[in-house]
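Subject: Handover of a structure, with findings

Dear colleague,

Please find below the structure that I am handing over to you. My findings follow directly after it.

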Amino acid sequence: MYKYSDIDKKIIASRVKQFENQVNRRLEGRLTEEEFKPLRLMNGLYLQLHAYMLRIAIPYGELSSKQLRKIAFIADKYDRGYGHFTTRQNIQFNWPKLLEVPEILRELSSVEMHAIQTSGNCIRNISSDHLAGLTLNEIEDPRPWCEIIRKWSTFHPEFSFLPRKFKIAVIGCTEDRAAMLVHDIGLRIIKRKNQVGFEIFVGGGQGRTPIIGKKIRDFLPKKDILNYLEAILTTYNQEGRRDNIYKARIKILVRELGIKKFRSLVEKNFFKTFK
Amino acid sequence: MVKKLQGETFLLSANELRSGKVVFFTSKGWSSSSSEAIKIKVDEIERYEEISIEEEKKCIIISPKFVELDDAGNIKTLRDKIRNSGITIKI
């Protein structure tokens, strides 16, 4: 399990302080809701039908007992004694009070957790197989790859304002327990001629337009994965629609261009990343 | 807020800024009980819209909306019924 470095700890602590300041300014009327909304969304805080909702990231669905106990403590102290584990391995609290959200985030930071990039048009929490590291027919444990992608995508300046939200899943065996094929990018670790790499799918999704992802690469050596992800994201960032929220996901772009055309654009960007 | 309205009678609702809870505008201010809410005729909407803007500026509420009532004076849409009476499952 990944352990925060001192730099990680400082970043998360300063982020909590920053959000606390923003909440205070909102409550004092120095920020309007229009100004505050993008700031709260960057910290996973929505306003829903009944109340606020805070979505907390659980990177690739892995929790220590200490973290789980902290979540239970938060549920009891700041919410209604329960939370909702989501299909993408996060947890949501449905009744937090705005005033108390910075305290909740501070509690989370004490166990190396946060709510950053759980909302907004950025790369969301990386999800994986809940049996990762346990299943017999796994080519390789996908969690280190999830962690590498998490680190690469967190606060990525180029991919923080994509046309729409962006979800990635990584699996290490043939069984798709992470529903990788209905993610914006799905990665499956495979072995070809004794070389380990990725089979890559793109443009899957659920919601009002459910689509199964299309294969964009049969095999990619694992050393090239971040370059290839960058190429896909760059293509989407440049070509994806921003004028209509319902047509802004990458699945619509892939469907409109066709996988062949989309692949050729990605490959062009991929080779540029080596120059 | 007013443009999409249909119907004759409404309640003014919102979320409380600090807690996020659903509230309704009554003669004594905001309340979580819709039964105490003022029934607003369609020709009074503008006046209550001004009130909601002021209440937002005072950082008391967010996301104000008018809730349509049916002929019997009950909340009309399922969404607003759920919003009023809370979650539909026992936890």
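**The sheet of chain A**

Ile168(A) has Ile185(A) of β7(A) as its bridge partner. Please note that the model is a predicted one. The two strands concerned, β6(A) and β7(A), run parallel and are joined by 4 bridges. They belong to an open sheet of 5 strands in chain A, with the order β5-β6-β7-β8-β9 and mixed pairing. At its edges stand β5 (127–128) and β9 of chain A, each of which pairs on one side only.

**The largest nonpolar core**

The largest nonpolar core comprises 37 residues, and those with the most contacts inside it are Val170(A), Ile200(A), Val202(A) and Ile232(A). Two or more residues each are given to this core by α5 (143–153), β6 (168–171), β7 (185–192), β8 (195–202), α6 (225–239), α7 (250–257) and α8 (259–272) of chain A. Of these elements, α6(A) supplies the largest share, namely 7 residues.

For Val170(A), residues up to four places away in sequence are left out of the contact list. What remains is Ile126(A), Ser128(A), Pro142(A), Trp145(A), Cys146(A) and Leu187(A), each of which Val170(A) touches.

**Helix α6 of chain A**

The buried residues in α6(A) are Ile225(A), Tyr228(A), Leu229(A), Ala231(A), Ile232(A), Leu233(A), Thr235(A) and Tyr236(A).

Strand β2 (residues 52–56) of chain A has 4 of its 5 residues buried, so it is largely enclosed by the rest of the structure. Strand β1 (residues 45–47) of chain A runs antiparallel to β2(A), and 3 bridges join the two. Within this pair, Tyr46(A) has Met53(A) in β2(A) as its bridge partner. Together β1(A) and β2(A) form a hairpin, with 4 residues between them.

β2(A) also pairs with strand β4 (residues 91–93) of chain A, in the antiparallel sense and over 3 bridges. Here the bridge partner of Arg55(A) is Gln92(A) in β4(A).

**Two residues with positive phi**

Which backbone angles deserve a second look? Phi of Phe155(A) is near 60 degrees, a positive value in a residue other than glycine. Phe155(A) is placed in the loop between α5 and β6 of chain A. Phe155(A) counts as exposed because it has 12 C-beta neighbours inside 10 Å, and a residue with 12 or fewer such neighbours is classed in that way.

Ala179(A), which is not a glycine either, has a positive phi of about 55 degrees. Its place is the loop between β6 and β7 of chain A. Ala179(A) has 18 other C-beta atoms within 10 Å and is therefore partly exposed.

Chain B contains 2 helices and 5 strands, which follow the pattern β-β-β-β-α-β-α when read along the sequence. The radius of gyration of chain B is 13 Å, close to the 12 Å that the globule rule gives for 91 residues, so chain B is as compact as a globular protein of that length. Along the principal axes, its C-alpha atoms fill a box of roughly 40 × 35 × 25 Å.

Of the 91 residues in chain B, 27% count as buried. Among the contacts in chain B between residues at least 6 apart in sequence, 57% join residues at least 24 apart.

The contact between the chains takes 12 residues from chain A and 15 residues from chain B. On the side of chain A that touches chain B, 8 residues are nonpolar, 2 are polar and 2 are charged.

Yours sincerely

Conventions. Residues numbered from 1 in each chain as written. Chains lettered and ligands numbered in written order. Predicted model: local features only at pLDDT ≥ 70, side-chain atom pairs only at ≥ 80, totals over all residues. Core = buried A, V, L, I, M, F, W, Y, C linked by C-beta atoms within 7 Å. Buried ≥ 20, exposed ≤ 12 C-beta atoms within 10 Å, placed from the backbone. Contact = placed C-beta atoms within 7 Å. Nonpolar A, V, L, I, M, F, W, Y, C, P; charged D, E, K, R; others polar. Pairing = 2+ DSSP bridges. Rg over C-alpha atoms; globule rule 2.2 N^0.38 Å.
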